[in-house]
Structures are given as structure tokens and as C-alpha cells.
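Please find below a colleague's note on the model under review.

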Amino acid sequence: MRPFRFVTIAAIAAAASCGGSSSGPTTIMTTPPMPMGATANITIQDFVFTPAVDTVKVGTTVQWMNNGPSEHSTTSDTGVWDSGGLTVGATFSHTFSQTGSFPYHCTFHPPSIYPKFVGTIVVTN
Ligand SMILES: [Cu+2]
């Protein structure tokens, strides 16, 4: 990978240096290579997150969808993310870039009243 990438950059530099004046658009990828993260889906219902515990790899984007009928949120217990109010059918996504265990709840139906309406995202390498 590394030798190929170096050669590619060298080729682009060479092309740019001998181009001199701007002769039309040059196609150069400006977006750095991003790791293709997986996605995981969690549904929110009255009153449960499914799956309640989801183990994902670093870089995974987790998407919550509210299947209602009430308005809900997915809110990190430690302030890592907060969807705010999600109406029926609304989604919220968060990409996990660090390992750890991330508990969350719904601010509209707090664990003090709905002790089983909680979830945890476990992020591993
Ligand atoms: Cu709720």
C-alpha cells in the first residue's frame, strides 16, 4: 500500500510541476482516504432500545430510529452525544471513534421512571 501511494503522489507532483499554466481541470482526489466504517441500527420504541446492548467496532456509525409512537431521544449518559427529540420515524447517527462502554437513555423517559429504557454501546477494537 505505502509504496503505491507514494508513487501516486509523486506522479501527481510531477504532473503539476511540468504543467506550468493551468490547462483545464485536473482531477486530483482531495478527500483523504477514510476508513469505511460499518453501520449498526438500533430501534427506539415505547419503551425499549433494541438491541439494548450493542457491541460494535471502532469507526462504526450507529443509527437510532424512533419507531414511536412517542417522541424519544438517544442521549449519552456522559454527554458524548444527544439526539434531542426524535419524532416518529426520525433517525440520529453517531460515529464511535473511541473504544469504551457508552451507556445512554431517553431524556423524555428517564431511567428514574423507566429503569429498563436504557441502552449501552460497547465499542471495541
Ligand atoms: Cu423516550
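1. Basis of the model. This is a predicted model, in which local features need pLDDT of at least 70 and side-chain atom pairs count only at pLDDT 80 or more, while totals for chains, interfaces and linings use all residues. Residues are numbered from 1 along each chain as its sequence is written.

2. Overall composition. The protein contains 1 helix and 8 strands; helices (H or I, at least four residues) and strands (E, at least two) are DSSP runs, numbered from the N terminus. Along the sequence, these elements follow the pattern α-β-β-β-β-β-β-β-β.

3. First sheet. An open sheet of 4 strands has the order β2-β1-β4-β6, with mixed pairing; two strands are taken to pair if DSSP finds at least two bridges between them. The edges are held by β2 and β6 (91-95), each with a single partner strand, so one side of each lacks a neighbour in the sheet. On average, neighbouring strands of this sheet are turned by 20 degrees against each other, direction ignored. For this angle, axes are lines fitted to C-alpha atoms (for helices over the stretch in contact), and angles run from 0 to 180 degrees between N-to-C directions.

4. Strand β1 (residues 39-45) runs parallel to strand β4 (residues 61-66), and 6 bridges join them; Thr43 has Met65 in β4 as its bridge partner. On the other hand, β4 and β6 run antiparallel and are joined by 5 bridges, with Thr91 in β6 as the bridge partner of Met65.

5. β1 pairs with strand β2 (residues 48-50) in the antiparallel sense over 3 bridges, and the two form a hairpin with 2 residues between them. Gln45 has Val48 in β2 as its bridge partner. Phe47 lies in the loop between β1 and β2, and the peptide bond from Asp46 to Phe47 is cis, with omega near 0 degrees.

6. Pro69 is placed in the loop between β4 and β5.

7. β5 pairs with strand β7 (residues 100-105) in the antiparallel sense over 2 bridges, and Ser76 stands opposite Tyr104 in β7.

8. Buried residues, with 20 or more other C-beta atoms within 10 Å of their own (C-beta atoms being placed from the backbone), make up 16% of the 125 residues. The largest nonpolar core has 10 residues, among them Phe49, Trp64 and Tyr104; such a core is a set of buried Ala, Val, Leu, Ile, Met, Phe, Trp, Tyr and Cys residues joined through C-beta atoms within 7 Å. β4 and β7 are the elements that give two or more residues to this core. Leaving aside neighbours within four places in sequence, Phe49 is in contact (C-beta atoms, placed from the backbone, within 7 Å) with Ile42, Ile44 and Gly119. Of contacts between residues at least 6 apart in sequence, 50% join residues at least 24 apart.

Methods. Buried ≥ 20, exposed ≤ 12 C-beta atoms within 10 Å, placed from the backbone. Contact = placed C-beta atoms within 7 Å.
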